[in-house]
Amino acid sequence: MAIHWNNMKKPFLRNASAMLCAALLFMAGENSAMAAAPSRPGPPTRDPNTPGYVTAKELPDGALPPADADGNFILGPTHAPAPEMTAQPGVPQGTVFTFTMSSSDSKIYPGIARDAHTFGTVDPTEPAKLVVTTSHPAPYIRRVAVYVPKQYVAGTAAPFIVGADGPDRALFVALDNLIAEHKVPAMVAISIGNGSGDAQGSERGLEYDTMSGRYAEFVEKEVLPMVEKQCNVKLTGDPDGRATMGGSSGGSCALIMAWYHPELYHRVLTYSGTYVNQQWPHDPGTPHGAWEFHEHLIPNSPAKPLRIWMEVGDRDLFNPNVMRDNMHDWVVANEDMARVLAAKGYHYQFVFARNAGHVDHGVRQQTLPEALEWLWKGTQ
């Protein structure tokens with residue numbers, strides 16, 4: 001890609017091994033300052049054929065699901081990068097624009113942060129609720145990278161994909177190749193940095209884990225107008241031409257954006273989606289945070305016009321914090337997402353990756369081109 005300018009630098013416990021892992025995790029103290037903790041075991045390796053998990057098609061090692069097939073698939077343990085993840089000779093390269101956004105200019109996210117070396121304590125009356133007393137207003141600088149394909153025709157309304165935790169240079173390389181192969185439309189990619197921190201009490205946690213339309217509204221009102229102005233592009237208003245993507249909390253954010261604003265987004269791509277209980281501040285309307293998606297929201301709501309691609313790794317996260325609410329297993333959460341999406345008749349593709357951790361880099365390098373092609377089916 002050509003660089004136009006750059007001001008930036010870079011539920012449940014379902015097997016004995018999971019129970020053992022939970023028992024070994026350290027318990028937090030009564031106050032929110034966390035003492036130095038001893039090393040703890042990594043997440044257990046989950047078997048995709050565990051009773052209670054969705055039935056899935058086991059693929060030969062190295063194979064990917066068909067780009068036009070819905071349903072559940074199991075990847076083999078070897079994750080070689082797809083050829084589209086490397087710049088190819090003769091392929092037109094898009095232009096990447098970069099700029100920053102300041103918290104002082106945002107009406108929606110003026111900025112918060114949690115004190116260093118603090119986390120929170122579990123509400124003694126409600127184990128699914130975390131109390132954070134060390135979060136306070138704080139400024140941030142957000143970095144945004146925008147990929148404009150070589151094939152973009154000035155003045156036309158372009159389809160686009162919004163990605164969390166940017167910049168995402170690997171996405172831009174993949175799009176160069178996929179657009180040239182006519183496997184996806186000539187789309188703009190908007191890769192937005194988070195406002196810093198992680199989890200409850202942080203700006204990133206507030207942006208990505210809040211179960212509301214707030215982040216989608218921030219993108220719509222504050223980010224997209226800057227993209228159009230700074231990059232001299234026009235972005236489509238058609239939700240079929242708009243997609244969201246992300247990993248971990250960025251993945252749950254991608255679905256949250258489309259769920260609360262389906263008039264804006266119809267396509268969602270997530271790696272290791274944090275469909276767990278991580279929302280803060282507590283909201284009695286969705287008391288279990290993104291766990292509510294598969295617990296109540298999707299099963300109890302009419303199907304929305306969403307197309308969803310999801311991935312989880314066999315060694316994905318399991319209960320990595322002080323809460324002991326049986327709502328912090330990323331594998332169970334994604335398995336349950338696949339189940340409820342199937343029951344409601346959604347178009348979705350779910351990939352369970354063997355030999356893979358949380359937002360696994362190798363799996364992403366292997367699957368992203370196929371995921372993008374599946375996501376944009378019906379637009380070529």
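A residue is called buried when its relative accessible area is under 20%, and exposed when that value is over 50%. Keep these two words in mind while you move through this structure, which is a predicted model.

**Helix α7**

Begin by selecting residues 330–343, which form helix α7; its 14 residues reach 20 Å from the first C-alpha to the last, close to the 20 Å expected at 1.5 Å a residue. Which residues of α7 are buried? Colour W330, V331, V332, A333, N334, E335, D336, M337, A338, V340 and L341, and you will have marked them. Because 11 of the 14 residues of α7 are buried, the helix is largely enclosed by the rest of the structure.

Now go to the two ends of the helix. At the start of α7, select D329, whose side chain has an oxygen within 3.0 Å of the backbone nitrogen of V331. After the helix comes G345, which has a positive phi near 80 degrees.

**The nonpolar cores**

In soluble globular proteins, nonpolar side chains tend to be buried together. Here the largest nonpolar core has 76 residues, and those that touch the most other members are V146, I190, V219 and F293. Select V146 and display its surroundings: leaving aside residues up to four places away in sequence, V146 touches T95, V96, F97, F99, V188, A189, I190, V227 and C231. Apart from this core lies another one of 34 residues, and you can find it by selecting L175, V184, Y271 and A371, which are among its members.

**Two cis peptide bonds**

Next, zoom in on G166 and P167, which are joined by a cis peptide bond with omega at about 0 degrees; P167 sits in the loop between β11 (160–163) and α2 (169–180). Then move to W280 and P281, where the peptide bond is also cis and omega is near 0 degrees, and notice that P281 belongs to the loop between β15 (267–271) and α6 (292–297).

**Two histidines with positive phi**

Finish with H117 in the loop between β5 (112–114) and β6 (121–123), where phi is positive, about 65 degrees, although the residue is not a glycine. Is H117 buried or exposed? Its relative accessibility is 70%, so H117 counts as exposed.

Definitions and conventions:
Residues numbered from 1 in each chain as written. Heavy atoms only, no water. Helix = DSSP H or I, 4+ residues; strand = E, 2+ residues; numbered from the N terminus. Buried < 20%, exposed > 50% of the residue type's maximum accessible area, 1.4 Å probe, protein only. Core = buried A, V, L, I, M, F, W, Y, C linked by side-chain atoms within 4.5 Å. Contact = heavy atoms within 4.5 Å. Expected span 1.5 Å × (residues − 1). Polar contact = N/O pair within 3.5 Å; in protein donor to acceptor, adjacent residues only side chain to side chain.
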